[in-house]
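Hello,

Here is the structure I promised to pass on to you. Have a look at it first, and then read on for what turned up in it.

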Amino acid sequence: MAREAQVSRTAHITASEARWLAIAAQGLAAPRPAATARPATARPAGAAQLRALMGKLGTIQLDAVNVLARTQLVVPFSRLGSYDVSAMQRLSAPGGHWFEYWGHAASLLPLELHPLFRWRMQRWREDLADSLEVGQRRHAWRVANGEYLAAVLAEVEERGPISAAQLSDPRRRSGTWWDRRSDGRRALETLFADGVLAAWRNPSFERVYDLAERAIPCEVLDLPTPAEDEAQRQLVLIAARCLGVGTSADLGDYFWLRRPTVKERVAELVEDGQLVEVEVEGWRAPAYALPGVKPRPPRRRHATLLTPFDSLIWSRERTERLFGFRYRVEIYVPAPKRTHGYYVLPLLLGDRLVARLDLKSDRAGRALRVVGAFDEPGTDRAEVAVAALAELDALGEWLGLDELAVSERGDLAVSLAALGAARMA
């Protein structure tokens, strides 16, 4: 039985209870709505459910990798099951309820958080960065290209919405990493980071830019701007709610706050009673939570695939601390040196990460391909295979893929393939 005691000041919780808090905070403790509905009444989730989910997560990271489906599309599926992707696209477009900015990397965020990021926009406008060298380099580029920046802004004002490729003078460049971007894209990105422009994604995932006052509702822009320290305190509290329990570093990572800054904000919130310190079994650093949170075991019985950039696991060190699961993204590792594969999704079952599946959408062949499947030490392979197959079926159906093709790579693959074959017999 789970303890019913609330987490209070300097409470001690077990490692299992920390996992339960994290899973519940991320919207993964309850069954998906479709899993509890009768087949005749099950309908894809829509805008209302997506907005509620964003309210729970606080942010959804964006990523361009589309070998399976882009991470921002998979994150809601992991929580809600089948949902209306077009509703999500409308929510993140002008006139919707979300905006894009630098939250945790490039992220979707609810509009009500816009005032909490204006201090970050101000830092961009002042070319302030954690590294003095980076700030100086940013400032030098801004000064050297001042006239061009003004021309790009004027063009957006006249022609917007507009992508970098649509600029009349994109100033193509060659180089590596940041320098390989055109000056036009760099100018638009600078104005976007400054908060002067807002942006959203077109169907090919290219950013489209327009003036912030045309893309962000005036009632949002008119909201008062909190002081920098107050905005940071609010972001730390949101992070605590979204994480369930976390160290100071965990809380800062959620919205990319600097560690010295977040330590100061956490201390202020503890002093004010808005956060409580928690000792977690096996954690070396103190943790923090909102007062009164209750650890309860997850009620979700079906397995859940998590994209590599899911907010439950995007901090690799925290993932290892919570689940004993060492996870690395191998997209940029040469194929012969990869341990598990190119786009590997951990599989959550109960309160454990029990497997890793390297997945690919074969859209031309209408097949969901399991390139590799690996179970974790100490798991029941037969149980994991059954749970994984059910989750793969749900994912394939949502993606519109009619076939499941399992390769022979990985210790779980044989069991998965056998189950699939037996089902077809």
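The lining of the second largest cavity counts three nonpolar, one polar and three charged residues. Please keep in mind that this is a predicted model. The residues around this space are L243, D250, D253, Y254, W314, S315 and R318, and helix 13 (residues 248-254) gives the largest share of them, with three. Its volume comes to about 40 Å³.

The structure has two cavities of 30 Å³ or more. The largest cavity holds about 170 Å³ of space and has 22 lining residues, with F99, E100, A198, A199 and I216 nearest its centre. Its lining has 16 nonpolar, five polar and one charged residues. Strand 3 (98-103), strand 5 (197-201) and helix 10 (212-215) each provide at least two of the lining residues.

Strand 11 (residues 344-349) and strand 12 (residues 352-362) run antiparallel and are joined by six bridges; L345 sits opposite L357 of strand 12.

Lastly, helix 1 (residues 15-25) is largely enclosed by the rest of the structure, because eight of its eleven residues are buried. Among them are W20, L21 and I23. Just after this helix, G27 has a positive phi of about 75 degrees.

Best wishes

Conventions: Residues are numbered from 1 along each chain as its sequence is written. This is a predicted model: local features need pLDDT of at least 70, side-chain atom pairs count only at pLDDT 80 or more; totals for chains, interfaces and linings use all residues. Side-chain values use heavy atoms; hydrogens and water are left out. Buried means under 20% relative accessible area, exposed over 50%, partly exposed in between (1.4 Å probe, protein chains only). Helices (H or I, at least four residues) and strands (E, at least two) are DSSP runs, numbered from the N terminus. Two strands pair if DSSP finds at least two bridges between them. On a 1 Å grid over the protein atoms alone, a cavity is a set of points where a 1.4 Å probe fits but cannot get out, and a pocket is an open set with protein on both sides within 12 Å along at least five of seven lines; lining residues have an atom within 4 Å of a point. Grid points are joined across faces, edges and corners, and a volume is the space filled by probe spheres set on the points. Ala, Val, Leu, Ile, Met, Phe, Trp, Tyr, Cys and Pro count as nonpolar, Asp, Glu, Lys and Arg as charged, and the others, Gly among them, as polar.
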